[in-house]
Amino acid sequence: MTTTERYMNERLDHLGIVAGVCQEIDLAAWLDAQDPGNRQQVSVGTATVAMILNGLGFSNRQLYLVPQYFANKPVEPLLGAGMSADMLNDDCLGRTLDWLYAHDPTKLFAGIASQARQVFGISARQVHVDTTSFSVSGAYNSAGERVQEAGTAEAREAESALIAITYGYSRDHREDLKQ
């Protein structure tokens, strides 16, 4: 009697490496720990990893087409046991995007970067600050003039939080423009 083994061929491509890095830094679990009360069929962490894989899969598709993208991918090895392509529907991913926005994407990114730095043992002896130069044109009052014009304390407080637009050093060598 002969037994026949069946094999299924599924392509990982570069997604295996990206999913492996996400698993190594424990991205999904870290995101899920930010809001332990959030209960969805697919956790926000897993859905975020799925969107990263979809985005890096050279697929610029609408959310409702994400299950189609994952249809021929090995979803369980990439995202975890029990996961299937049809679970990554537009409702799930839309709720995840809403959750990410509500939890301050900048703060989440900083936390994920810190998590990755710790896992990979990267020290932070130097920090890079973006020094992009922005030039503006038009008639702008200085911050001091606006504060004097504002009558109430609330208006003065709101005005003091604005960026001061003034002449200054220009990396573009355009000292004639306000920065």
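A residue is called buried when its relative accessible area is under 20%, exposed when that area is over 50%, and partly exposed in between, with a 1.4 Å probe and protein chains only. The model is predicted, so that local features need pLDDT of at least 70 and side-chain atom pairs count only at pLDDT 80 or more, while totals for chains, interfaces and linings use all residues. Residues are numbered from 1 along each chain as its sequence is written, and side-chain values use heavy atoms, with hydrogens and water left out.

**Exercise 1.** Describe which elements make up the chain.

Solution. Start with the helices and strands, which are DSSP runs numbered from the N terminus (H or I of at least four residues for helices, E of at least two for strands). By this rule the chain has nine helices and zero strands. Then turn to burial: of the 179 residues of the chain, 27% count as buried.

**Exercise 2.** Work out how helix 1 and helix 3 are placed against each other.

Solution. First take the directions: helix 1 (residues 15-24) and helix 3 (residues 44-56) pack at an angle of about 150°, and their axes, which are 10 Å apart, are lines fitted to C-alpha atoms over the stretch in contact, with angles running from 0 to 180 degrees between N-to-C directions. Helix 1 is therefore roughly antiparallel to helix 3, given that angles under 35 degrees count as roughly parallel, over 145 as roughly antiparallel, 65 to 115 as roughly perpendicular and the rest as oblique.

Next list the residues that meet, where contact means heavy atoms within 4.5 Å. Leu15, Val18, Ala19 and Cys22 of helix 1 meet Val49, Ile52, Leu53 and Leu56 of helix 3. Sorted by class, this contact of helix 1 with helix 3 holds eight nonpolar, no polar and no charged residues, where Ala, Val, Leu, Ile, Met, Phe, Trp, Tyr, Cys and Pro count as nonpolar, Asp, Glu, Lys and Arg as charged, and the others, Gly among them, as polar.

**Exercise 3.** Are Cys22 and Cys92 buried or exposed?

Solution. Cys22 has a relative accessible area of 10% and is buried; Cys92, with a value of 3%, is buried as well. As for disulfides, pairs of cysteine sulfur atoms within 2.5 Å, the structure holds zero of them.

**Exercise 4.** Locate Asp13 and Asp104, and describe their phi angles.

Solution. Asp13, in the segment before helix 1, has a positive phi of about 50° although it is not a glycine, and is partly exposed at 48% relative accessible area. Asp104 lies in the loop between helix 6 (90-102) and helix 7 (105-119); its phi is positive, about 60°, although Asp104 is not a glycine, and at 38% relative accessibility Asp104 counts as partly exposed.
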